[in-house]
Amino acid sequence: MQTKRSFRWVWSSIAASGCGTLAHMGLMQLKAALHLLPQFDPSSALLDTLLPLLDVTHLQAPLWLLSQFNGAFIIGLLFGHFFHRLPGRSGLAKGFLLGLAAWAMLGIALFPAIGLGPFGLSLGLGAGPALFSLAMIEAYSLVLGVVYAALQRPPREN
(Lines give C-alpha, C1' and ligand atoms only; values in the text may rest on other atoms or scores of the structure.)
Protein backbone atom coordinates (compact mmCIF):
# COMPACT_ATOMS: atom_id res chain seq x y z
CA MET A 1 0.00 0.00 0.00
CA GLN A 2 2.89 2.38 0.77
CA THR A 3 4.34 1.88 -2.72
CA LYS A 4 0.95 2.68 -4.23
CA ARG A 5 0.80 5.95 -2.28
CA SER A 6 4.39 6.91 -2.97
CA PHE A 7 3.85 6.85 -6.73
CA ARG A 8 0.45 8.58 -6.68
CA TRP A 9 2.17 11.91 -7.37
CA VAL A 10 3.68 10.48 -10.59
CA TRP A 11 0.35 9.50 -12.09
CA SER A 12 -1.27 12.69 -10.82
CA SER A 13 1.53 14.70 -12.45
CA ILE A 14 1.11 12.96 -15.78
CA ALA A 15 -2.68 13.39 -15.75
CA ALA A 16 -2.46 17.03 -14.67
CA SER A 17 0.21 17.72 -17.31
CA GLY A 18 -2.02 16.20 -19.97
CA CYS A 19 -4.89 18.45 -18.91
CA GLY A 20 -2.60 21.49 -18.88
CA THR A 21 -1.34 20.60 -22.34
CA LEU A 22 -4.91 20.38 -23.62
CA ALA A 23 -5.64 23.84 -22.20
CA HIS A 24 -2.49 25.21 -23.84
CA MET A 25 -3.33 23.57 -27.17
CA GLY A 26 -6.88 24.92 -27.00
CA LEU A 27 -5.55 28.44 -26.54
CA MET A 28 -3.17 27.95 -29.47
CA GLN A 29 -6.03 26.74 -31.67
CA LEU A 30 -8.07 29.80 -30.67
CA LYS A 31 -5.10 32.03 -31.54
CA ALA A 32 -4.88 30.44 -34.98
CA ALA A 33 -8.64 30.56 -35.59
CA LEU A 34 -8.84 34.24 -34.64
CA HIS A 35 -5.63 35.09 -36.52
CA LEU A 36 -4.14 36.69 -33.40
CA LEU A 37 -0.47 37.63 -33.69
CA PRO A 38 0.20 35.41 -36.72
CA GLN A 39 3.82 36.64 -36.83
CA PHE A 40 4.34 35.33 -33.27
CA ASP A 41 5.01 31.62 -33.61
CA PRO A 42 7.55 30.54 -30.99
CA SER A 43 7.16 26.85 -31.87
CA SER A 44 8.25 27.46 -35.45
CA ALA A 45 11.10 29.72 -34.28
CA LEU A 46 12.26 26.97 -31.93
CA LEU A 47 12.14 24.39 -34.73
CA ASP A 48 13.97 26.74 -37.09
CA THR A 49 16.70 27.10 -34.47
CA LEU A 50 16.94 23.41 -33.55
CA LEU A 51 16.78 21.82 -37.00
CA PRO A 52 20.19 23.08 -38.20
CA LEU A 53 21.74 22.06 -34.88
CA LEU A 54 20.32 18.55 -35.15
CA ASP A 55 21.09 18.26 -38.87
CA VAL A 56 17.67 16.78 -39.60
CA THR A 57 15.10 18.49 -41.76
CA HIS A 58 12.49 15.74 -42.01
CA LEU A 59 11.63 15.34 -38.31
CA GLN A 60 9.35 18.31 -37.59
CA ALA A 61 6.52 16.26 -36.08
CA PRO A 62 8.81 14.31 -33.73
CA LEU A 63 10.53 17.54 -32.65
CA TRP A 64 7.13 19.05 -31.86
CA LEU A 65 6.33 15.96 -29.84
CA LEU A 66 9.68 16.28 -28.09
CA SER A 67 8.82 19.83 -27.01
CA GLN A 68 5.47 18.60 -25.70
CA PHE A 69 7.21 15.75 -23.88
CA ASN A 70 9.59 18.18 -22.21
CA GLY A 71 6.89 20.63 -21.27
CA ALA A 72 4.07 18.34 -20.36
CA PHE A 73 5.94 15.41 -18.95
CA ILE A 74 9.13 16.68 -17.36
CA ILE A 75 7.76 19.97 -16.03
CA GLY A 76 4.66 18.15 -14.78
CA LEU A 77 6.77 15.58 -12.94
CA LEU A 78 8.93 18.30 -11.41
CA PHE A 79 5.81 20.19 -10.36
CA GLY A 80 4.36 17.09 -8.73
CA HIS A 81 7.60 16.21 -6.99
CA PHE A 82 8.02 19.70 -5.50
CA PHE A 83 4.31 20.51 -5.09
CA HIS A 84 4.31 20.53 -1.28
CA ARG A 85 7.43 22.71 -1.17
CA LEU A 86 6.18 25.34 -3.63
CA PRO A 87 4.84 28.63 -2.28
CA GLY A 88 1.08 29.06 -2.23
CA ARG A 89 -1.74 27.39 -0.36
CA SER A 90 -3.71 26.04 -3.31
CA GLY A 91 -2.98 24.28 -6.57
CA LEU A 92 -4.21 27.39 -8.36
CA ALA A 93 -1.70 29.62 -6.54
CA LYS A 94 1.15 27.15 -7.04
CA GLY A 95 0.31 26.82 -10.75
CA PHE A 96 0.12 30.59 -11.14
CA LEU A 97 3.56 31.08 -9.55
CA LEU A 98 5.01 28.30 -11.71
CA GLY A 99 3.59 30.07 -14.77
CA LEU A 100 5.12 33.41 -13.80
CA ALA A 101 8.53 31.82 -13.25
CA ALA A 102 8.34 29.88 -16.52
CA TRP A 103 7.20 32.99 -18.41
CA ALA A 104 10.14 34.99 -17.07
CA MET A 105 12.60 32.25 -18.09
CA LEU A 106 10.98 31.91 -21.49
CA GLY A 107 11.02 35.65 -22.14
CA ILE A 108 14.51 36.29 -20.82
CA ALA A 109 16.35 33.18 -22.02
CA LEU A 110 14.51 31.15 -24.67
CA PHE A 111 12.97 33.88 -26.81
CA PRO A 112 16.28 35.71 -27.32
CA ALA A 113 18.00 32.38 -28.04
CA ILE A 114 15.57 31.61 -30.87
CA GLY A 115 15.74 35.09 -32.38
CA LEU A 116 12.59 36.68 -30.96
CA GLY A 117 14.35 39.01 -28.53
CA PRO A 118 13.39 39.44 -24.89
CA PHE A 119 9.71 38.60 -24.50
CA GLY A 120 9.31 38.65 -28.30
CA LEU A 121 9.96 42.38 -28.60
CA SER A 122 12.15 41.94 -31.71
CA LEU A 123 9.03 41.11 -33.69
CA GLY A 124 7.89 44.72 -33.49
CA LEU A 125 4.44 43.77 -32.19
CA GLY A 126 4.62 45.67 -28.92
CA ALA A 127 3.53 43.86 -25.80
CA GLY A 128 1.38 41.34 -27.70
CA PRO A 129 3.89 38.47 -27.78
CA ALA A 130 4.82 38.97 -24.12
CA LEU A 131 1.18 39.00 -23.02
CA PHE A 132 0.19 36.09 -25.21
CA SER A 133 3.15 34.01 -24.06
CA LEU A 134 2.05 34.73 -20.47
CA ALA A 135 -1.47 33.54 -21.34
CA MET A 136 -0.01 30.45 -23.09
CA ILE A 137 2.06 29.44 -20.10
CA GLU A 138 -0.58 30.28 -17.52
CA ALA A 139 -3.17 28.21 -19.41
CA TYR A 140 -0.92 25.20 -18.91
CA SER A 141 0.27 26.05 -15.38
CA LEU A 142 -3.08 26.98 -13.84
CA VAL A 143 -4.76 23.83 -15.13
CA LEU A 144 -1.74 21.76 -14.06
CA GLY A 145 -1.93 23.16 -10.52
CA VAL A 146 -5.69 22.80 -10.10
CA VAL A 147 -5.88 19.28 -11.52
CA TYR A 148 -2.83 18.07 -9.61
CA ALA A 149 -4.20 19.43 -6.30
CA ALA A 150 -7.58 17.82 -6.99
CA LEU A 151 -5.95 14.45 -7.68
CA GLN A 152 -3.95 14.67 -4.44
CA ARG A 153 -7.01 15.06 -2.22
CA PRO A 154 -7.72 11.95 -0.19
CA PRO A 155 -10.90 10.13 -1.16
CA ARG A 156 -13.92 11.03 0.95
CA GLU A 157 -15.23 8.45 3.37
CA ASN A 158 -18.96 7.76 3.04
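## The loop between α2 and α3

His35 is placed in the loop between α2 and α3. Helices here are DSSP runs (H or I, at least four residues), numbered from the N terminus. The model is predicted, so local features need pLDDT of at least 70 and side-chain atom pairs count only at pLDDT 80 or more, while totals for chains, interfaces and linings use all residues. Residues are numbered from 1 along each chain as its sequence is written, and side-chain values use heavy atoms, with hydrogens and water left out.

The phi angle of His35 is near 55°, a positive value in a residue other than glycine. His35 has a relative accessible area of 63% and is exposed.

## Aromatic pairs

How many aromatic pairs does the structure hold? There are five. Rings of Phe, Tyr and Trp (its six-membered ring) pair if their centres lie within 6.5 Å; planes under 30 degrees apart are stacked, those over 60 are edge-to-face, and the rest are tilted. In one of these pairs, the ring centres of Phe40 and Phe111 are 5.7 Å apart and the planes stand at 75°, so the pair is edge-to-face. This pair links distant parts of the chain: Phe40 is in the loop between α2 (8-33) and α3 (42-54), Phe111 is in helix α5 (residues 91-113), and the two are 71 residues apart. Phe40 is buried, at 1% relative accessible area, and Phe111 is buried at 1% as well.

The pair of Phe79 and Phe83 is edge-to-face because the ring centres are 5.5 Å apart and the planes are at 70°. Phe79 is buried at 3% relative accessibility, and Phe83 is buried at 7%. Ring pairs join Phe79, Phe83 and Tyr148 into a cluster.

## Charges over rings

A charge sits over a ring if NZ of Lys or CZ of Arg is within 6 Å of the ring centre and within 35 degrees of the ring normal. Lys94 lies over the face of Phe83, 4.9 Å from the ring centre. The charged end of Lys31 sits over the ring of Phe132, at 5.9 Å from its centre.

## Nonpolar cores

A nonpolar core is a set of buried Ala, Val, Leu, Ile, Met, Phe, Trp, Tyr and Cys residues joined through side-chain atoms within 4.5 Å. The largest one has nine residues: Phe40, Ala45, Leu106, Phe111, Ile114, Leu116, Phe132, Met136 and Ile137. The most come from α6, which gives three residues.

Leaving aside neighbours within four places in sequence, Leu106 is in contact (heavy atoms within 4.5 Å) with Phe111, Pro112, Ser133 and Ile137. A second, separate core has seven residues, among them Ala16, Phe79, Leu144 and Tyr148.

## Helix α6

The expected span of a helix is 1.5 Å times one less than its number of residues. For the 25 residues of α6 this should be 36 Å, and the end C-alpha atoms are 36 Å apart, which agrees.

Where in α6 is the kink centred? The kink, of about 25°, is centred on Glu138. The bend at a residue is the angle between axes fitted to the seven residues ending there and the seven starting there.

How values were computed: Buried means under 20% relative accessible area, exposed over 50%, partly exposed in between (1.4 Å probe, protein chains only).
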